[in-house]
Each structure stands twice: as structure tokens, then as C-alpha cells.
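Please look over the sequence and the model before reading on.

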Amino acid sequence: MKASTVIVDVENVRKRFQGATVLDNVNLQISLGDRVAMMGPNGAGKTTLVRCILGFYHIDGGRIRVTGYDPVKERVEVLKSVGFIPQLPPPVKLTVGELLRFVERSSGTSAAAIRKKAEEMELDVVKHSQKPFFKLSGGMKQKLLIAIALARRSRLLVFDEPTASLDPRAREHFYEMLQSIDYEHAAIYITHRAEELAGLVNREIYMDLGKVVDDERI
Amino acid sequence: MKNLFLISYLDIRESLRSKWFYVYAFVFGGLMGLFFISGITDSVVMGFTGLSRLLLVFMQVTIVILPIFILITTVKSISGDRESNILEYMLSFPISLKEYYWGKFLGRFVTVFFPVFVALLVGVVWGLFKGGAIPWGMVILYSLLILSLCLSFLGVAFFISTLVKSHDVGLGLSFAVWILLLAFIDVALIGLMMQNRVSDGVVITIAMLNPLEAFRIGAIALFDPELTVIGPVAYYLLDTLGHGFLMLYAVVYPILVGALFAFFGYALFRKKDLL
């Protein structure tokens with residue numbers, strides 16, 4: 001990582017889909033220690049902004065740097081520092097064992113560390129290692145994705161409605177695990193339920209119509 | 001590079017658990033079994049007997065089945081993953097797009113080529129078992145032709161897969177490509193010639209630009225160096241290209257087509273939004 005405490009630097013970013021402006025000159029800086037709740041109505045541009053930060057979308061204007069790197073041109077460098085949990089677990093056809101192998105080989109995160117994190121969420125990975133990931137229950141899939149993201153000890157954690165498929169007990173475990181992260185990092189939580197993140201976040205960003213309309217430190 | 005092999009290994013593992021793979025392997029393995037049961041190796045048609053006869057029938061079946069199987073099973077590899085958000089998750093790990101795309105390509109190549117190749121080898125072993133002479137040159141060249149056809153349609157399928165956002169549109173396009181290329185083997189070309197709308201040279205050029213036709217001519221030339229089966233066009237082809245160049249063309253041209261489309265697909269994959 002290039003020496004800087006600014007993890008995400010978004011400057012005048014514009015993104016259009018089929019003529020419609022989805023991100024309209026967005027400016028944003030997220031530094032180490034920031035734990036951001038990103039909120040706003042459906043279609044506000046939250047997920048699009050996160051996808052631009054992760055290098056999935058090519059922006060039409062402006063500039064994005066994550067840990068000092070361009071997320072499209074230097075995606076590998078960027079993604080070495082990012083842990084991501086999607087809103088809905090994708091129907092990955094790999095077995096749990098194969099998925100762990102993929103994570104281990106691609107990101108250097110040990111399978112043992114993932115198993116340990118999963119155990120904290122009461123998920124026995126070994127028992128399910130031969131099962132295809134998509135055949136796990138919704139809650140189990142989400143727990144495994146959370147375990148993978150946290151085991152990676154990423155400098156930037158990105159969660160897109162991470163507790164959507166978790167029961168209340170698993171949600172409690174998840175929040176406890178987030179509070180016990182013992183290294184310096186930044187986090188972005190896309191959420192509609194700000195009250196659940198109370199105590200976890202120290203910054204709230206509101207988006208609407210592709211713009212950041214409010215950015216408040218708590 | 002290690003991630004490229006990781007992606008291809010995982011793609012192979014995933015394919016080996018898929019129903020389409022078993023249907024695919026069963027179709028080619030089953031066909032070979034059917035050929036043995038129906039006694040094709042003992043029959044004589046147009047002078048072809050034994051293993052040559054079996055390979056000729058296998059070639060005819062391959063022309064029809066192999067391209068559509070490759071297209072419909074491969075076209076979902078990028079577009080299907082994109083649609084189901086698998087791509088979003090898998091590409092949130094530090095893997096370059098080059099490793100992901102070409103890893104998928106390599107994995108899919110192994111799963112589409114080997115069942116057909118193994119079915120061919122089973123035929124050869126059967127020929128050995130029956131005590132016939134094995135035309136090794138023919139077997140090796142025929143394997144190369146199958147490899148070339150596989151690469152050709154894999155390239156086209158990966159191009160379609162990165163071009164479209166929806167798996168359904170990808171399937172529709174695959175069928176359109178398949179029908180178009182099959183039609184231009186015979187039906188459409190005969191129609192053009194009969195109406196004298198274009199010169200014979202143009203029609204033959206169109207035919208030879210079709211990778212299916214290149215495979216067909218190459219495969220027929222293995223059994224029938226004079227190409228008598230395909231009629232007067234044979235004289236034109238052999239006079240213009242010669243037997244050696246014709247074989248080289250039949251092997252290399254479909255590979256080039258596949259490589260070109262695969263590279264276009266990769267360029268699109270890099271330049272377009274991933275999701």
C-alpha cells in the first residue's frame with residue numbers, strides 16, 4: 001500500500017447508464033479509522049459508488065484512488081486491501097472447501113483463519129466442506145462470506161447490507177465480531193437500517209439522486 | 001499465472017459436477033457405443049470400411065453436435081456468472097481479469113475437448129481390439145481437427161458471453177451463430193449458386209471462411225484425399241490450395257478464428273463494466 005491514511009479518494013466522479021446519470025460529481029474521502037454508514041433511498045447511487053470503488057464499473061469522469069491505486073487499472077493491488085460482502089450471497093457452484101482454497105490461493109488468507117472466524121459465528125466449515133456453497137442455507141452462506149471477509153484482515157471492509165439474511169442471534173455475533181476487529185481499518189456499510197449500526201459507525205453519509213447530500217461525523 | 005491455473009482448475013471441478021457435462025460426455029461416449037453396436041466398423045459405404053468408416057460417421061455427428069454443445073454450455077460462463085452476481089463476488093478478490101478470463105477459457109477447453117477426444121480414443125482401442133490396422137496419421141490429424149473446432153467455437157462462445165449482459169440473449173445468439181454456420185455449409189450456398197447471384201469463386205470463399213466447413217473439408221480429406229465425396233468443388237480446392245495446404249488450413253484457420261474472437265471477448269471484458 002502506498003503510504004497514506006486516506007484509503008478511498010473519490011474526486012468528481014460521474015457515472016451514467018444508458019443516458020441516465022447515476023453518480024453526479026461525487027466527492028468523498030474515507031480514511032483509516034472511518035466506519036461509514038452509507039444510506040439513501042433505492043437508486044440513490046450507493047451500490048454504484050461502491051462498485052466503482054471496487055473497480056467493477058468504469059467511471060465516465062473524475063478519479064478514484066483506493067489505497068493510492070486506480071481500481072480499474074490496478075485492480076489486483078486495490079483488491080489486496082479490500083474485503084467485500086455482497087448483499088445477497090451469490091450461488092457459487094464451488095464446494096465450501098473449494099471456495100476456501102480459492103480464497104487462500106488468491107488472497108493469501110489461511111483457511112484456518114476463516115474456519116476460526118466461522119466458528120465464532122457458530123458455523124462448522126469442516127462439516128460442510130464437501131457441500132456446494134449454493135446449497136447452504138441463506139444464513140450459513142452469509143456467515144461464511146462474513147468469516148472470509150474478516151479473516152482477510154483487509155484495510156478496507158465493504159459491506160452491502162451484510163445482515164440481510166442473518167437471524168437476530170447471528171446479527172449479534174456479527175456486530176460483536178466487527179467491534180472486536182483489532183487492527184486499523186476503514187469500513188463502508190451500505191444500509192437502510194442505521195439504528196442497527198449505532199455504536200459501530202462514526203460517520204454517516206447520505207446519498208440521493210447520485211450525489212452525496214450529507215456527510216456527518218458522529 | 002498461479003491464479004490462472006487456479007481458476008481453470010476450479011472451473012473444471014465445477015463442470016465435472018454439472019449435469020451438462022454428463023449429458024455431453026454421454027452423448028459422445030454413447031454415440032461411439034452405438035456405432036459399435038450398429039456394426040458401423042463392419043459396414044462398407046462409399047468404399048470406407050472399418051475404423052475409417054467409424055471416424056467418418058463420428059465426424060459427421062461432430063459437425064452438428066459439437067458446436068452447439070460448446071456454444072450453449074460456454075456462453076453462460078461469463079454472462080451467467082455476471083447475471084447471478086457470482087462474478088461480482090469472485091472478482092472482489094485480487095485476481096487480474098486476464099487470469100480470470102483465460103483461466104475460465106482453459107478450464108472450459110479441457111471440459112469440452114476431452115470427452116470427444118476420449119470417445120475417439122475408445123474408438124481406436126476398439127479398432128485395436130477388433131484386430132484392424134490403426135490409421136495413426138488419420139487419428140492424430142483428426143484429433144487436431146477436433147481440437148481446432150473446439151477452440152474455434154470456444155472463442156466465439158466467450159466473445160458472446162462477454163458481449164451480452166443476459167444469459168438468455170447469449171443463448172439466442174449462440175443458436176443464431178450455429179444455424180448460420182450450418183446453413184452456410186450447404187443449404188444457403190447451394191441456394192446462392194443456383195440463383196447465379198454470385199460467382200462460384202465467391203461461394204467457395206464464403207464456404208471456406210466458415211470454420212465448420214474448414215473442419216468438414218479437412219476431415220473428409222483424411223479419408224478421401226481426392227475429395228470425390230464433395231464433387232467438382234474438390235478440383236477447385238485441390239488445384240488452388242493443394243492437399244497439404246488444405247489440411248494445414250483446416251487445422252489452423254478455425255484456431256485463428258477462435259483466437260480472434262477470444263481476444264475480442266477479452267478486450268470487451270476489460271473495457272466494459274464488469275457487472
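## Two loop residues

Asn85(B) is placed in the loop between α4 (76–83) and α5 of chain B, where helices (H or I, at least four residues) and strands (E, at least two) are DSSP runs, numbered from the N terminus. The model is a predicted one, in which local features need pLDDT of at least 70 and side-chain atom pairs count only at pLDDT 80 or more, while totals for chains, interfaces and linings use all residues. Residues are numbered from 1 along each chain as its sequence is written, and chains are lettered from A and ligands numbered from 1 in the order in which they are written. Although Asn85(B) is not a glycine, its phi is positive, at about 65°. Asn85(B) is partly exposed, because 17 other C-beta atoms lie within 10 Å; a residue is called buried if 20 or more other C-beta atoms lie within 10 Å of its own, exposed if 12 or fewer, and partly exposed in between, with C-beta atoms placed from the backbone.

In chain A, Gln18(A) belongs to the loop between β1 and β2. Gln18(A) also has a positive phi, near 45°, in a residue other than glycine. Is Gln18(A) buried or exposed? Gln18(A) is exposed, because 5 other C-beta atoms are found within 10 Å.

## The sheet of three strands

In chain A, three strands make an open sheet in the order β2-β1-β4, with antiparallel pairing; two strands are taken to pair if DSSP finds at least two bridges between them. β2 (20–31) and β4 (61–66) of chain A are at the edges and have a single partner strand each, so one side of each is left without a neighbour in the sheet. On average, neighbouring strands of this sheet are turned by 15° against each other, direction ignored.

Eight bridges join strand β1 (residues 6–17) of chain A to β2(A) in the antiparallel sense, and Val10(A) stands opposite Leu28(A) in β2(A). Helix α1 (residues 46–53) of chain A packs on this sheet and touches β1, β2 and β4 of chain A, with its direction at about 60° to that of β2(A). Such angles run from 0 to 180 degrees between N-to-C directions, and the axes are lines fitted to C-alpha atoms, for helices over the stretch in contact.

## The sheet of six strands

A second open sheet in chain A has six strands in the order β5-β6-β7-β3-β8-β9, and its pairing is mixed. Here β5 (82–85) and β9 (211–217) of chain A stand at the edges with a single partner strand each, so one side of each has no neighbour in the sheet. Strand β8 (residues 203–208) of chain A pairs with β9(A) over six bridges in the antiparallel sense, and in β9(A) the bridge partner of Met207(A) is Val212(A). Helix α5 (residues 138–151) of chain A lies across β5 and β6 of chain A and runs at about 170° to β5(A).

Phe159(A) is part of strand β6 (residues 156–160) of chain A, and it is buried, because 24 other C-beta atoms lie within 10 Å. Apart from its neighbours within four places in sequence, Phe159(A) is in contact with Ile85(A), Ile188(A), Tyr189(A) and Ile190(A), a contact being two C-beta atoms, placed from the backbone, within 7 Å. The C-alpha atoms of Phe159(A) and Ala37(A) are 9.7 Å apart, although 122 residues separate the two along the chain.

Which residues touch the most other members of the largest nonpolar core? Among its 134 residues they are Ala147(A), Ile188(A), Tyr189(A) and Leu154(B); such a core is a set of buried Ala, Val, Leu, Ile, Met, Phe, Trp, Tyr and Cys residues joined through C-beta atoms within 7 Å. Helix α7 (residues 136–163) of chain B supplies the largest share of this core, 13 residues. Beyond its neighbours within four places in sequence, Ile188(A) has contacts that include Ile30(A), Val50(A) and Phe159(A).

## Where the chains meet

The contact between the chains takes 24 residues from chain A and 19 residues from chain B. On the side of chain B that touches chain A, α1 (2–16) and α5 (86–90) of chain B each supply at least two residues, and α1(B) gives the most, with six residues.

The axes of helix α3 (residues 96–107) of chain A and α1(B) come within 10 Å and cross at roughly 175°. α3(A) is therefore roughly antiparallel to α1(B), since angles over 145 degrees count as roughly antiparallel, under 35 as roughly parallel, 65 to 115 as roughly perpendicular and the rest as oblique.
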